[in-house]
Amino acid sequence: MKRINLKISILVLIVLSLLIFTAAGTGAASDLKEITIGYFPNITHAPAIVGVSENIFVDQLNGIKVKTKIFPNGSLFMDALATDQIDLGYVGPGPAINRYLQGADVKALASASNGGTVLVTRKDFEYNSLADLKDKIIATPALGCTHDLLFRQLIKDNNLNTNRRGGTIDHRAQKPATMVGLFATKQLDAAVVSEPWAAKMEAEIGSKVVVDWDQMPWDGKLPAAVVVSTSKFIDNNPVLINNFLKAHQKTVEYINENPLKSSKIIQQKIKDITRQELSLEIIKTSMQRTNITSRLDNSAVQKLADLSAELGFIKGDSDLNGFIDSSYLDEITR
């Protein structure tokens, strides 16, 4: 009898251990009391701004507290994701791709926006085609950033190149805030920038958008911002991820159905965070050049990685197999 009882006790312990292990492996979302979402205060992160401001995430996450953390650039965002300061959030594809190819635990779950990047010239620049950029001074925000790579692909498609690579275009890295003054003093002829900078340049100094967002490389399908998290967080919280992406999708639809209201929300939130106020007209123009969408174009993302490797910004293999996980979004939108 003692032996039977001992066997039963051992079986009970085994079953309990398996149950505990299974619960730990699935990481039920109900165990979480709060999550932290990271994003940037700009146009291409509109789903984050509107979703938080309109409580769409809170309503969908069934009582889980939603905290936010604002970032000035993708590098700091990715550092925060790697060190569990944030659980998930919105970032440009470039920083996420770079960290993934360096071996970091990061997955892209959806797009937040496409486009939002244009080629703009100063107002008295005589532009008829990209051939007119020969021997001119062109700026991008930083070497190797997403806008910089779009610029390089744009001129490559038109048999042009920069002075750094044997061509005649004088290519410089300039912060968008300094481009305005350089245009005004004719020290800069053209620039590839994201919104709202192009709309701001149009409104304030009469600059001209000569290549619109959907005429940029890959037909404007390259994401300007993506939703990312870590495999660890995703695997441990599948219900939460599902609910978060439902909220994300609802926000995307809300923005597209309510462009004016969304523009006002974005205008106010940018002012609250940055202490800088953009006119509603600048916000509205910027939104017209930004495609708010959840659908990721895998091919465009891979092409960005391949170009970055070709230009030496990525060392080694640029294969993004495993980087994008669209299974949750596919389930929601099917």
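**Close-up views of a predicted model**

**View 1. Strand β4 and its partner β10.** Strand β4 (residues 107-115) and β10 run antiparallel and are joined by six bridges, where strands are DSSP runs (E, at least two residues) and helices likewise (H or I, at least four), numbered from the N terminus. Within this pair, Ala108 has Val228 of β10 as its bridge partner. The model is predicted, so that local features need pLDDT of at least 70 and side-chain atom pairs count only at pLDDT 80 or more, whereas totals for chains, interfaces and linings use all residues. Residues are numbered from 1 along each chain as its sequence is written, and side-chain values use heavy atoms, with hydrogens and water left out.

**View 2. The open sheet of six strands.** The strand order is β2-β1-β3-β10-β4-β11, with mixed pairing, two strands being paired if DSSP finds at least two bridges between them. Because β2 (65-70) and β11 (290-292) stand at the edges with a single partner strand each, one side of each is left without a neighbour in the sheet.

View 3. Ile282 lies in helix α12 (residues 280-288) and is buried, with a relative accessible area of 6%, where buried means under 20%, exposed over 50% and partly exposed in between (1.4 Å probe, protein chains only). Leaving aside neighbours within four places in sequence, Ile282 is in contact (heavy atoms within 4.5 Å) with Pro196, Ala199, Lys200 and Ala203. Glu195 is 87 residues from Ile282 in sequence, yet their C-alpha atoms are 9.0 Å apart in space.
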